[in-house]
Amino acid sequence: MTPTLAPPVRELVLIGGGHSHVQVLKRLAMAPPPGIRTTVIARESHTPYSGMLPGHIAGHYTFDQIHIDLGPLAQAAGARFIADEVSGLDPDGQTIQLLDHPDFRYDVVSINCGATPGFSGVEIDTGVVPVKPIGRFLPHWNAIRTSSESRLRSGESVHIAIVGGGAGGVELALAVHFVLGGIGDLRVTLATASERLLAGHNQRVQTHFEQLFASRGIRVERNFDVRRVAGGRLESTTDESIDADEVFWVTGVEAPEWPRRSGLAVNEQGFILVDDFLRSTSHDTVFSTGDVAGVTDQLRPKSGVFAVRQGPALADNLIRTLEGRRLRRFRAQTRFLSLISEGGRVATASRGDWFATGAWVWRWKDWIDRRFMRRFQELPDMVTAAPTVAPALQDDLPDSMRCGGCGSKLGADMLTRVLRKLPTTAHPDVDVGIGDDAALLKGNGSQIVISVDSFRSMIDDPYLFGRIATHHSLNDIFAMGAQPVAALAIVTVQLMAEQLMEDDLYLLMRGAVDVLNEQGVALAGGHSSEGAETSLGFAVTGSLVDKPMTKGGLRDGDVLLLTKPLGTGVLLAANMVGKARSQCIAAAVNCMDQSNAKAAQIIRAHGAAGCTDVTGFGLLGHLGEMLRAAKLSARLDVSAIPHLQGALELFDAGEASSLQANNEQIFADCRFEGCSPTESRVRVLADPQTAGGLLAGVDAAGADACLRALLDAGFSAAAIGKIDVRDDQHQAYLQLLG
Ligand SMILES: Cc1cc2nc3c(=O)[nH]c(=O)nc-3n(C[C@H](O)[C@H](O)[C@H](O)COP(=O)(O)OP(=O)(O)OC[C@H]3O[C@@H](n4cnc5c(N)ncnc54)[C@H](O)[C@@H]3O)c2cc1C
């Protein structure tokens with residue numbers, strides 16, 4: 001008999017996907033600790049490996065080669081990934097504040113969010129591009145490289161200044177020179193406040209790089225302490241100046257501001273003070289590593305090397321803390337090897353007094369860097385956690401015998417606490433709402449429309465899942481041209497320790513209530529229970545004043561408009577097995593989190609009579625329903641049908657939703673011209689959609705204006721085909737033109 005897995009009883013939150021946290025995740029993927037749920041919150045879904053950044057700038061590595069995609073890594077670790085920026089922490093209340101989510105509670109938190117560029121004491125007007133955070137630097141660099149290349153090719157000169165004479169600045173100057181120097185009249189200047197390049201390295205290393213800069217014609221401005229930057233002009237404290245087209249900022253880093261504000265113990269510069277166990281000196285449920293941390297008596301330069309070294313000790317200590325075991329001491333090495341690249345495939349090694357240079361050093365560095373990255377890019381299948389939890393966690397385990405029926409309802413206290421926190425609003429048509437046996441609505445003479453929808457969670461983020469499930473449930477009402485009035489929730493929360501269930505219930509319902517409030521809909525009641533998986537849905541009641549838009553309302557000659565791109569089914573299916581890129585999932589989530597309310601208004605205002613929302617049967621399945629009801633046929637222009645980034649590539653790679661095969665049975669009713677049912681761009685037409693777009697028929701005379709209004713309102717809408725009279729001689733009522 002397979003032992004039942006231990007349900008989670010403690011919440012570990014990792015803030016930032018820095019060099020230590022990727023190792024914590026890898027460790028969790030190899031040996032998941034039972035009873036612990038992990039959530040990673042990071043501003044960017046892709047963590048850059050800084051050691052390979054100069055190689056990327058110089059063109060030796062692609063974006064994917066130098067980045068770790070946190071989504072699949074978190075997936076392999078059995079962790080939830082939340083894409084957001086942390087803006088504050090309450091270490092006494094054990095909650096984290098985020099920019100676009102409600103607060104997150106934690107039992108233990110670890111902060112490895114790096115540092116920010118060091119601008120203090122410098123007056124900045126415009127025109128500086130900081131290299132950190134790297135995720136924000138790269139889009140700037142791509143734009144600057146493209147414009148510089150075209151200016152150099154047309155004979156203009158380009159001057160790039162780099163501020164900072166440490167390893168980062170030196171490598172960046174050489175990489176920029178390597179990639180743009182051969183095209184035309186490029187000037188590169190490096191400004192450093194120090195007397196020499198690479199202060200902190202041995203003299204042979206310094207001399208080598210100073211000679212290298214001289215031989216490449218890269219100017220070095222020594223003792224240049226920048227006081228002011230305005231529109232590309234750098235001014236020093238001694239009134240010297242440098243005029244450049246672009247200024248890259250690669251100086252020492254500063255602490256982000258929120259840890260200091262939070263009441264955590266920080267050093268004079270604002271870096272989080274941690275002891276030899278990497279634990280905050282003021283709060284023992286807080287850990288921190290990497291650039292944002294300052295280990296009290298082990299002062300070291302801010303460098304990725306230390307964050308990497310801290311990773312295994314951090315992973316150990318986080319688990320030991322959660323399990324109530326003794327912690328392990330961490331000691332940073334005092335001397336460490338630096339491998340500094342020189343633009344081309346040559347590098348220099350520096351360690352203490354040792355110096356070596358050559359192509360072999362670059363190959364050595366390349367081998368080390370690629371080996372490091374492979375650990376996070378080639379992921380193991382997740383190992384199952386052991387069924388028993390550590391003794392310290394056993395008291396919080398839910399009873400192993402759980403009741404079904406009404407006994408599976410969530411506790412009244414938990415529900416009351418969550419409802420009290422939710423910012424619910426009233427609706428004038430709801431006379432009696434939450435709290436009574438049933439909701440009481442006023443009819444007000446309008447027609448009533450009712451609909452129900454519910455599904456299990458398909459993303460890690462409970463707040464966003466709450467939002468998406470709510471949009472999905474409201475869509476049926478919008479598709480009829482009605483206005484939702486009241487919603488009854490049907491919510492199931494995965495069985496865990498009571499506190500974790502309450503956390504999840506709050507986040508789910510907070511997402512739901514935020515969407516309901518945005519649409520002016522009252523939460524009038526609901527039913528909640530515990531279960532094997534989290535799910536959420538709503539029975540929604542709406543009012544309709546005019547004639548409804550219906551599936552059978554399509555007319556001969558109508559132009560078919562679709563308000564959202566397709567592909568959520570294949571993307572979510574691939575995400576569940578760690579095969580989708582986080583950036584594609586983020587785009588799909590944004591698309592699902594867009595309400596169809598405005599689209600329905602626009603479509604209706606342009607005279608549509610036939611409309612539906614595209615959901616589980618896919619575009620063709622729902623269009624088929626409309627055509628059968630209206631006894632008409634349709635011609636679709638396959639190349640005009642929008643799809644989400646990454647969806648077609650996933651079909652090509654063999655991924656598909658479990659509903660795909662069923663949905664593709666509609667291909668038997670289609671005639672294909674210039675395309676075939678095996679092509680990804682055709683298969684996506686049968687892809688099941690979550691919170692999908694509206695599909696509507698608009699009279700040909702008004703279709704262009706309707707499409708323009710949809711695009712202006714921010715929908716990725718398209719005109720995808722036309723409705724025809726049905727030719728009964730002809731079997732196929734759906735023609736797909738490639
Ligand atoms: C050009 C250049 C080259 C370098 N080369 C090297 C080198 O060869 N070797 C070396 O050892 N060091 C190098 N460094 C230094 C190195 O970049 C840093 O020391 C290292 O990145 C610090 O790692 P970290 O783990 O502390 O955080 P980071 O790697 O900076 O990771 C921070 C993480 O936190 C997330 N994050 C940040 N703020 C928030 C927030 N508020 N909320 C949520 N998430 C957040 C980010 O999205 C990211 O996932 C280089 C630096 C530069 C600029």
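Let's start with Asn112: one of its polar side-chain atoms sits 2.9 Å from an oxygen atom of the ligand. By polar contact I mean a pair of N or O atoms within 3.5 Å; within protein, one must be able to donate a hydrogen and the other to accept it, and residues adjacent in sequence count only if both atoms are side-chain atoms. On its own the ligand exposes 980 Å², and the protein buries 89% of that (Shrake-Rupley areas with a 1.4 Å probe; for residues, only the protein chains shown count as cover).

Quick housekeeping. This is a predicted model, with local features needing pLDDT of at least 70 and side-chain atom pairs counting only at pLDDT 80 or more, while totals for chains, interfaces and linings use all residues. Numbering runs from 1 along each chain as its sequence is written, and side-chain values use heavy atoms, with hydrogens and water left out.

So who's around the ligand? There are 31 residues, and His19, Glu44, Val86, Asp291 and Ser303 come nearest; the cut-off is a heavy atom within 4 Å. By class that shell has 10 nonpolar, 13 polar and 8 charged residues, where Ala, Val, Leu, Ile, Met, Phe, Trp, Tyr, Cys and Pro are nonpolar, Asp, Glu, Lys and Arg charged, and the others, Gly among them, polar. Domain 1 (10–115 + 255–336 + 355–377) and domain 2 (123–252) each supply at least three residues, with bounds from an automatic or database domain assignment.

Which element gives the most to the shell? That's H9, with 3 residues. Elements here are DSSP runs numbered from the N terminus: helices are H or I, at least four residues, and strands are E, at least two.

Just after H9, Gly324 takes a positive phi of about 70°.

Lys132 and Pro133 are joined by a cis peptide bond, omega about -5°, and Pro133 lies in the loop between strand E12 (128–130) and helix H5 (134–153). Gln94, not a glycine, has a positive phi near 55°, in the loop between strand E6 (86–90) and strand E7 (95–98).
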